Amino acid sequence: MMGLLMCLGCVLLDFMMVHSHVLMQGRIVGGHTAAPNSIKYIVSLQSTKGQHFCGGSLVHRYWVLTAAHCNIGAEHMMIVAGDYIVNTFEGTEQYAKPHRVVTHPLYNRSTNNADIMLIKLRAPMVLNKYVSLAPLPRQGTGVVEGLVCRVSGWGYNNLGGGQAPFTLRTVTVPIVSTARCNSSMSFNGNITANMICAGYRTGGKDACKGDSGGPLVCGGRVYGVVSWGNGCGDAKFPGVYTAVSKFRRWIDQTIYRSYLRCTKY
């Protein structure tokens with residue numbers, strides 16, 4: 001009897017953790033397997049034991065763009081580029097240890113504002129037919145409501161978790177206006193000017209846990225970084241992404257600080 005009660009307690013605790021408003025960090029649902037090595041700028045952030053935990057985008061041979069909440073400490077990370085099936089050696093992968101991580105100074109763990117981070121690699125990635133750089137938007141440029149974008153990653157394909165897919169997956173989602181995303185029926189004012197929402201009114205397609213830090217690509221450029229949400233694929237709650245165009249100047253200044261003098265956009 002005691003064992004049964006303990007089991008029920010664990011199930012209840014798991015249910016509360018999954019469905020609570022402690023909004024899921026990272027959150028591909030309803031998508032499909034990407035063509036092999038078709039998304040050449042996406043990288044896998046892995047633990048030193050080889051476990052994938054976040055995505056990212058290679059924006060410079062020495063630098064990766066991801067979410068600030070993916071920061072587990074440079075000494076605990078390994079960056080893998082050219083990957084398609086994680087945990088399976090394919091001969092296309094490149095590995096690099098981080099030299100340092102730079103989270104945005106305005107990052108707020110409670111509100112998820114400015115959830116963006118750059119990782120400088122100890123050694124540069126080699127650009128080839130499996131690895132390329134992600135194009136970024138100019139500072140301050142926006143995306144219009146209804147524009148269909150693409151989000152990709154190795155995260156869970158349902159809210160319950162289970163086994164994360166080993167193969168890279170991708171899904172298309174339309175941009176949702178900040179007004180609708182901030183309505184009382186949705187995130188109720190928690191969406192800041194540094195965030196983008198994307199998802200279908202019917203739900204069913206979204207990023208999910210493990211996709212955090214990965215790219216939301218609109219018109220061929222990374223306009224969003226997978227940040228947070230309330231569940232995965234919920235019709236009332238679109239996925240929330242860090243708006244990369246709000247931080248383009250910070251990205252360039254961080255990467256090119258030693259010799260950047262004047263940049264116009």
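Which residues does V225 touch, not counting residues up to four places away in sequence? I found L65, T66, A67, D115, G213, G214, V240, Y241, T242 and V244, with contact taken as heavy atoms within 4.5 Å.

Residues are numbered from 1 along each chain as its sequence is written, and side-chain values use heavy atoms, with hydrogens and water left out.

Next I checked confidence. The average pLDDT (the predictor's confidence in each residue, from 0 to 100) is 84 for the protein, and 78% of the residues score at least 70. Residues 4-27 fall below 50, yet this stretch has 45 contacts in the model beyond near neighbours in sequence. I remind myself that where pLDDT is low, the predicted coordinates should not be read in detail.

Back to V225: I placed this residue in strand β13, residues 221-228 (strands are DSSP runs of E, at least two residues, numbered from the N terminus). Buried or exposed, I asked of V225? V225 counts as buried because its relative accessibility is 2%; buried means under 20% relative accessible area, with a 1.4 Å probe and protein chains only. I also noted that the C-alpha atoms of V225 and A68 are separated by 9.9 Å, while the two residues sit 157 residues apart along the chain.

Technical notes. Predicted model: local features only at pLDDT ≥ 70, side-chain atom pairs only at ≥ 80, totals over all residues. Helix = DSSP H or I, 4+ residues; strand = E, 2+ residues; numbered from the N terminus. Buried < 20%, exposed > 50% of the residue type's maximum accessible area, 1.4 Å probe, protein only.
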